[in-house]
Amino acid sequence: MSPTLQLTAEERSMLAGEQGHAVKKSMEILAALGEIYGARRLIPVASVQIAGVSYDNLGEPGLEFLDEMARDGRVRVLTTLNPAGMDVERWRELGIDEAFAGRQQRVLDAFASMGVITTCTCTPYLVGNLPRFGQHLAWSESSAVCFANSVLGARTNREGGPSALAAALTGRTPEHGLHLDEARAPEVTVEVSATLHDETDFGALGVVLAEKIGGRVACLISVGDGAGLEELKMLCASAATYGGTALLHVEGVTPEAGRCAAARVTIADADLVRARAGLSDEVDPDELDFVSIGCPHASLAELARIARALDGKQVKRETWIHLARPLKSVADRAGYTRAIEASGARLACDTCMVVAPLKGRFRALATNSAKCVYYGRNKNGFRVLLRPLEQCLRLATGE
Amino acid sequence: MAELLRGRRIHGGRARAQLLVSGEALSFFGGVDPDTGIVTERGHPLEGRSVAGKVLAFPHGKGSTVGSYSIYRLARQGRGPAAIVNQVCETIVAVGAIIADIPCVDHIDLLRLEDGALAEVDADRGTVEVLDR
């Protein structure tokens, strides 16, 4: 044991195996990470978000590990789950094969038996896991980590699947990194002189930030009043994907923003234009066979826009809208589901194009998400077009 | 003569096996075949060699956090390394070693390790002993 990490009697009991195998394994993970990162103690967490859910990424060994933990593991705090590799109810309609569905269901069953709420969304903050300013969390899902730190002002490091599960089963996380004031202080001030028109500009901004600030904590000024929920979740998803960013101070948004750093960089229109160009490939209109919206999962306002854009139209290309299941219930009641599905587009809950097994199914993708561009290209081998939501839907209907 | 290197315990246990040493970081998700233990990353110094049963030494892990599960998968199939030695262990490898129960030590100067030599890792004490060939 490192001399710096002090465990309480309760935590030592967990480590000694007195509270079961899963708690012992969890405490081993947390103590080792605490030692590696020089934490002095473990701290309680208010909630956990677990990534590493799709069977496409976990495989049989990941499932075996979860089964092993599920034998006697039980969550001690509110714990929600990332998207799975399929819509849990409509997987067959979305072309998922039976063998995959069976294995994916076993993953979800293992999580559920530990008391994890199988929300299956990357936007826990839209479905009831909504931390407040200053609360300590152990979240994985990089876009949600960046959103929790930057928009909500909660405190979490970028956890991996197993370390987040370990936090859930013990209610604790090592106190280091973004749990501490010193690691949250801005190191560079970024003046955004570029005009941000729509969500794709916020995605492109994430790419430029990754290039210009690297791993430093940035304070963004002059982002403008146009940054609402949808734009901020796009920005966070993109900055996390391309730069590993876990915290951005956005002037007028981040609760603790205020004191900015002396070092300055500027992001101009030319930077954004270049980044946007880099986020699309040459795609022949005939080649485009997939349109995907909802990365991160769609908000109510986005669902309303999608319903409006597709009302009375017919899509000519496979079009998937990804969302959390609770928002689908609201969309049903608001009439959005009817308008969207009458067009031939599908609402795919519980999953998304990043984690579903889609390699080889499509050639070219149109999306409004810069994060989706990254995984479309690198994980699935698609050619991609980054366009704002309404333009994506016009491509879908062939207008 | 045998040389004793002192580092830091990441996950306890002991192992005695041949060293496999890489000067470059290793990704267990996508960089190592999870069924055979053979390094598959193109251009990697260990490309084509197997980590199975070796005292595997590399500076640190890289890539997706899913790599922790890949280490677990290797170990479950009997294709995992006998021990892991790092310069600086990070989350992916540390968590992988813990869930797979592989002895793991870091803060070791890898330049003192000779590929192919026999080594004894005592992770509980945080030591790596390079034995005579």
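This is a predicted model: local features need pLDDT of at least 70, side-chain atom pairs count only at pLDDT 80 or more; totals for chains, interfaces and linings use all residues.
View 1. The phi angle of Ser222(A) is near 65°, which is a positive value in a residue other than glycine. As background for this angle, most residues other than glycine have a negative phi.

**View 2. Asp101(B) in a loop of chain B.** Asp101(B) is found in the loop that runs between helix 2 (91–100) and strand 6 (104–106) of chain B. Its relative accessibility is 52%, so Asp101(B) counts as exposed. The phi angle of Asp101(B) is near 60°, again a positive value in a residue other than glycine.

**View 3. The peptide bond between Cys295(A) and Pro296(A).** Cys295(A) and Pro296(A) are joined by a cis peptide bond, for which omega is about -10°. Pro296(A) lies in the loop between strand 10 (288–293) and helix 11 (300–310) of chain A. For comparison, most peptide bonds are trans.

**View 4. The surroundings of Ala17(B).** Ala17(B) is found in strand 3 (residues 14–21) of chain B, and it counts as buried because its relative accessibility is 9%. When residues up to four places away in sequence are not counted, Ala17(B) touches several others, among them Gly53(B), Val55(B), Ala82(B) and Leu118(B). Lys54(B) is also one of the residues touched by Ala17(B); although these two are 37 residues apart in sequence, their C-alpha atoms are 5.6 Å apart in space.

**View 5. The contact between chain A and chain B.** The contact takes 20 residues from chain A and 19 residues from chain B, and the two chains bury about 1800 Å² between them, 65% of it on carbon and sulfur atoms. In chain A, Ile36(A), Pro61(A) and Pro162(A) lose the most area to chain B, together 26% of what that side buries. Between the chains there are two salt bridges, and Glu68(A) forms a salt bridge with Arg76(B), in which the closest N and O atoms are 3.8 Å apart. The count of residue pairs in polar contact between chain A and chain B is five. Helix 2 (21–36), helix 3 (55–70) and helix 6 (161–170) of chain A each supply at least two residues of the side that touches chain B, and helix 3 gives the most, with eight residues. The residues of this side of chain A divide into eleven nonpolar, four polar and five charged.

**View 6. Domain 1 against domain 3 in chain A.** Chain A is divided into domain 1 (9–181), domain 2 (185–278) and domain 3 (288–397). The C-alpha centres of domain 1 and domain 3 of chain A lie 27 Å apart, and 26 residues of domain 1 are in contact with 24 residues of domain 3. These two domains bury about 1900 Å² between them, 53% of it on carbon and sulfur atoms. Five salt bridges are counted between domain 1 and domain 3 of chain A, while the side chains of Arg325(A) and Glu89(A) meet in a salt bridge with an N to O distance of 3.1 Å. There are also 15 residue pairs in polar contact between domain 1 and domain 3 of chain A. Helix 3 and helix 5 (142–152) of chain A each supply at least two residues of the side of domain 1 that touches domain 3.

Definitions and conventions. Residues are numbered from 1 along each chain as its sequence is written. Chains are lettered from A and ligands numbered from 1 in the order in which they are written. Side-chain values use heavy atoms; hydrogens and water are left out. Contact means heavy atoms within 4.5 Å. Buried area is the accessible area (1.4 Å probe) that two parts lose on being put together, summed over both. A salt bridge is a side-chain nitrogen of Lys or Arg within 4 Å of a carboxyl oxygen of Asp or Glu. A polar contact is a pair of N or O atoms within 3.5 Å; within protein, one must be able to donate a hydrogen and the other to accept it, and residues adjacent in sequence count only if both atoms are side-chain atoms. Helices (H or I, at least four residues) and strands (E, at least two) are DSSP runs, numbered from the N terminus. Ala, Val, Leu, Ile, Met, Phe, Trp, Tyr, Cys and Pro count as nonpolar, Asp, Glu, Lys and Arg as charged, and the others, Gly among them, as polar. Domain bounds come from an automatic or database domain assignment. Buried means under 20% relative accessible area, exposed over 50%, partly exposed in between (1.4 Å probe, protein chains only).
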